[in-house]
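Hi,

Here is the model I promised to pass on. Please have a look, and my notes are just below.

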Amino acid sequence: MQETRPSGPPSPEPETDFRYYGRAINDLSPERNIGLLIKHVHNLLHRVIDLQACPMGLTANQWRPLLLILHRGIDTPAELARTLDVDTGATTRMLDRLESKGFVRRERVPEDRRVVKIVPTDAGRAVAAQVLPAIAETLNIHLNGFSEDEIHLLIALLKRMIANGEQFLQQAADSATTP
């Protein structure tokens, strides 16, 4: 008799039998849940950066896209929406605000008038240059008391978690396309 597997994503197969989390609710308490802890750190990082970016006339919904436009070469509203994982309406409103503050302008591509390019202005470049030190300072605030070795270990562990998650998603995508 052949064993059948339920459809859906593949079950992760760990390198060892060790499992830190079980199914009990206490296993996933806020004090032990790595996902919640990472999200909490993420939220704190953004709140501190927002606090520092506010005097520059920027909110989180404005400094992040501005940096993506300038440093990642994202130059269309659709690409910006995909990268930020927001809908096109939210992207339009955010670009309207950035444009009204003089940080970006939208230009139609002459060869294809349907395509709009986002172009940073000199004022946008200047304010973005002030945000980068604020981000560095925010990261340093959160790493206060860590040794250099601990910081390198933290980075390595986070990269390993990212690789594990990406590998799982790739396996799920592969199994979804394989008959």
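Predicted model: local features only at pLDDT ≥ 70, side-chain atom pairs only at ≥ 80, totals over all residues.

Residues are numbered from 1 along each chain as its sequence is written, and side-chain values use heavy atoms, with hydrogens and water left out.

Let me begin with α1, residues 34-53 (helices are DSSP runs of H or I, at least four residues, numbered from the N terminus). Its 20 residues reach 28 Å from first C-alpha to last, close to the 28 Å expected at 1.5 Å a residue (1.5 Å times one less than the number of residues).

Leu45, His46, Ile49 and Ala53 are the buried residues of α1 (buried is under 20% relative accessible area, exposed over 50%, with a 1.4 Å probe and protein chains only). They fall within an arc of 95 degrees seen down the axis, so they line one face of the helix (the arc is that of the directions from the helix axis to the C-beta atoms). These residues pack against α2 (60-71) and α5 (122-142), whereas Arg47 and Leu51, on the other side of α1, are exposed.

Leucine 66 touches Leu58, Phe103, Val104, Gly124, Val127 and Ala128, leaving aside residues up to four places away in sequence (contact means heavy atoms within 4.5 Å).

Best wishes

Notes
Helix = DSSP H or I, 4+ residues; strand = E, 2+ residues; numbered from the N terminus.
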